[in-house]
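I opened this model to look up its sheet, its cores and its charged pairs. My notes are below the display.

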Amino acid sequence: MPYPKTRGPRPARSRRTALLTSLLLAVGALSGVNPPNASAAVDPVAVTVNARAGLATVPATALGVNHAIWDQNLGTAETSDLLRDAGVRMMRYPGGSYADIYHWKDHTAPGGYVAPGTDFDTFMAAVQRVGAEPMIIANYGTGTPAEAADWVRYANVTKGYGAKYWTVGNENYGNGHYGSAWEADDHPDKSATQYARLVVEYADAMKAVDPSIKVGAVLTMPGNWPDGITAGADPGPWNQTVLSLAGPKIDFVDVHWYPGGSAAESLARTNHIPDAAYLLREQITRYAGPNAARIGISFTELNVDAGRTTQPAALFLADAYSGLLENGVFTVQWWNVHNGIGTVSEVAGQTDYGDFGILSSGACTEDGSVCEPPLNTPFAPYHALTMMKLFAQPGNQFVRAGTDQPLVSAHAVRRANGDLAVLLVNKDPDSAHPVTIDYAGFTPSAATPTVSTLTNGAAGIATGQSGSATSRTLPPYSLTTLVLRPAGATAGRPAAPGQPTVGGVTDRTATISWPAAASGGSPIAKYEVYRQNGAISEQLGETRSTSFTVGNLVPGSRYTVNVLARDTAGRVSWSSPPLTFATGSPAASACGVRFTTSGDWGNGYIGGVEITNNGTSSINGWTLTWTWPTAWQQVSSGWSATWEQVGTAVRVTPTDDNRQIAAGGSVSAGFVGAYSGPNVLPTAFTLNGIRCTSG
């Protein structure tokens with residue numbers, strides 16, 4: 001996490017920053033991400049909002065921020081009231097990497113600066129004034145399980161604060177185990193294995209004091225350093241090791257994300273979120289042991305490199321918070337409230353102070369040549385957080401939304417009263433974009449929508465009633481939220497079906513089951529099962545029962561489905577929560593493919609394919625094909641075969657010495673794989689037009 005620039009000794013951060021910067025530059029080179037050309041928009045952007053395609057429900061803890069013990073304004077009424085007004089409902093303490101040097105009993109952080117008026121009780125008073133929940137970081141780096149347990153005792157037994165969420169450490173993979181060190185860690189063994197073992201000790205000690213608390217362990221963001229890297233004697237990369245050993249003892253995982261790069265690059269990287277969330281959940285399911293579905297995901301630090309106090313950070317905040325929350329994250333927390341002036345620059349015509357805070361600290365550069373606005377002046381990300389409060393309220397259900405223009409993104413939520421709110425993000429710094437909005441599963445009324453807009457350089461959000469539900473023009477570099485009333489009455493509709501589950505998944509079929517929906521004004525007539533295909537829903541079938549077997553699926557593909565209830569009067573329920581699953585490969589085939597990876601270095605790896613002829617006759621000449629699951633994966637080079645890639649499609653053909661595969665025999669070929677985002681591996685392979693088994 002970033003440190004204050006204006007006070008006290010600063011722990012080693014520069015090596016980490018340099019490392020991450022170099023990795024991100026490599027990522028940008030691989031992905032071919034370039035800033036958009038500033039050209040006038042002509043054709044309207046097509047926006048689709050699909051209320052049939054339900055996503056996660058907005059939790060009460062959704063909107064969060066970080067508080068730090070170097071911030072002397074942590075406990076002031078003015079600061080707390082500003083956070084309350086922005087809709088903050090979770091606050092993290094005592095401040096990122098400072099947590100691993102902080103000792104709560106004597107309120108000290110050896111090697112760091114502790115401001116007056118920042119002790120734990122002051123923090124809790126601020127939490128209560130804001131109306132939020134605390135998230136507390138127990139000291140792993142220089143602390144002990146007993147110290148953490150004493151903190152739980154003081155907080156919840158002595159003081160009765162009811163602090164529910166506790167994480168063990170901050171960015172503990174940054175302790176030097178992978179070569180870069182910024183996180184304090186006094187343990188002689190700095191491995192992921194040792195961290196996981198001690199998480200178990202921390203969880204046992206803390207829950208012995210208060211069994212009701214939830215304990216979290218630190219993971220890393222898929223596609224970001226050190227994801228994929230195995231160091232020392234660990235059995236696997238950080239996430240795998242921590243989950244395998246500590247999974248049965250934890251209640252959530254804690255992840256940070258600084259996408260880095262230019263403003264355009266960081267804004268483009270929000271499209272990594274669905275695959276990153278999918279991989280995190282897949283890792284939890286695979287490694288964390290029985291009942292892994294209980295483990296939640298929190299993102300407790302986010303920020304950008306370019307435009308931290310100006311519109312790029314605001315756009316990123318709204319887009320990233322929305323993307324993470326709609327994928328089931330239970331809290332997203334900006335880094336941070338106050339931090340201090342950094343490198344001053346001009347971004348999109350506005351002065352950017354390089355400050356990680358959402359509120360001005362009122363600081364000046366060391367030479368006094370530039371000063372921030374007065375203390376607690378809101379920066380652009382603060383206004384974006386306020387926009388999130390207006391857009392996504394606790395209990396709302398996110399529904400799928402999308403656009404046909406990468407510089408414009410869309411998110412939507414459906415509310416209990418039947419209203420629909422749509423958030424539109426124009427990431428183009430120079431051009432306004434007209435949009436047309438199409439709705440599925442929702443019919444807006446003819447009433448003029450309520451519109452809230454945050455434009456580049458604005459001192460706040462402008463709200464009024466204007467335009468129509470189906471078209472408008474988005475100013476350059478802007479956030480726009482529309483709140484729409486439904487046409488017709490919504491009373492009497494059935495309740496949404498419960499959380500679907502899947503069983504009997506093969507390469508072509510899956511059986512989906514769900515808890516029955518409660519009827520409304522009329523009996524339930526049937527259930528409709530839909531697949532999310534981008535922002536479009538494809539109906540897979542309907543049934544009167546609470547189970548349905550879907551056929552004709554594509555092997556090695558990911559599916560997200562929802563179930564809706566329809567009653568005898570034709571009224572349709574809200575969408576069920578989403579269910580995501582992946583089909584496998586055929587149980588038997590004339591060919592088999594084993595896809596392997598090794599030696600991952602953070603944005604690439606050594607890959608291999610072993611092709612087996614399961615048939616009874618020799619194969620003379622072969623072509624192996626697969627499709628990468630994402631657009632940021634590629635084959636950089638290869639050997640023992642001819643390797644070609646067009647778009648996401650890979651084609652592998654033999655050399656003269658391995659074109660023949662005898663019955664029961666196999667051949668192998670290798671390649672260098674590269675990725676610049678979450679590395680979702682392929683599972684479906686075709687040899688000479690035949691689907692192969694894989695494993």
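These entries go from the ground rules to the sheet, the cores and the side-chain pairs.

**Ground rules.** I worked on a predicted model, where local features need pLDDT of at least 70, side-chain atom pairs count only at pLDDT 80 or more, and totals for chains, interfaces and linings use all residues. Residues are numbered from 1 along each chain as its sequence is written, and side-chain values use heavy atoms, with hydrogens and water left out.

**Sheet.** I took helices (H or I, at least four residues) and strands (E, at least two) as DSSP runs, numbered from the N terminus. I counted two strands as paired if DSSP finds at least two bridges between them. I traced an open sheet of nine strands with mixed pairing, in the order S17-S16-S19-S14-S13-S12-S1-S15-S18. Strands S17 (462-465) and S18 (471-474) are at the edges with a single partner strand each, so one side of each has no neighbour in the sheet. Neighbouring strands are turned by 25° against each other on average, direction ignored. For angles, axes are lines fitted to C-alpha atoms (for helices over the stretch in contact), and values run from 0 to 180 degrees between N-to-C directions.

I then checked pairs. S16 (450-454) and S17 pair antiparallel over four bridges. Thr 463 in S17 is the bridge partner of Ser 452. S1 is parallel to S15 (433-440), with six bridges, and Ala 46 stands opposite Thr 436. S1 is antiparallel to S12, also through six bridges. There, Thr 48 has Gly 402 as its bridge partner.

How many residues of S1 (45-57) are buried? Ten of the 13 are, so the strand is largely enclosed by the rest of the structure. I used buried for under 20% relative accessible area, exposed for over 50%, and partly exposed in between (1.4 Å probe, protein chains only).

Helix H10 (380-391) lies across S12, S13, S14, S16 and S19, running at about 160° to S16.

**Cores.** A nonpolar core is a set of buried Ala, Val, Leu, Ile, Met, Phe, Trp, Tyr and Cys residues joined through side-chain atoms within 4.5 Å. The largest has 117 residues, and Met 91, Phe 299 and Met 388 have the most contacts inside it. Apart from it lies another core of 24 residues, including Trp 628 and Leu 687.

**Salt bridges.** I searched for a side-chain nitrogen of Lys or Arg within 4 Å of a carboxyl oxygen of Asp or Glu. The whole structure has 20 salt bridges.

Lys 105 pairs with Asp 150, with closest N and O atoms 2.8 Å apart. Lys 105 is in the loop between S3 and H3 and Asp 150 is in H4, so the pair ties together parts 45 residues apart in sequence. Lys 105 is exposed at 57%; Asp 150 is partly exposed at 25%.

Glu 528 meets Arg 566 at 2.6 Å, N to O. They lie in S22 and S25, so parts 38 residues apart in sequence are tied together. Glu 528 is buried at 3%; Arg 566 is partly exposed at 25%.

**Asn 170.** Is this residue buried or exposed? Asn 170 is buried, at 1% relative accessible area. It sits in the loop between S5 and H5. Its side chain makes a polar contact of 3.4 Å with that of Glu 183. A polar contact is a pair of N or O atoms within 3.5 Å; within protein, one must be able to donate a hydrogen and the other to accept it, and residues adjacent in sequence count only if both atoms are side-chain atoms.

Key: Contact means heavy atoms within 4.5 Å.
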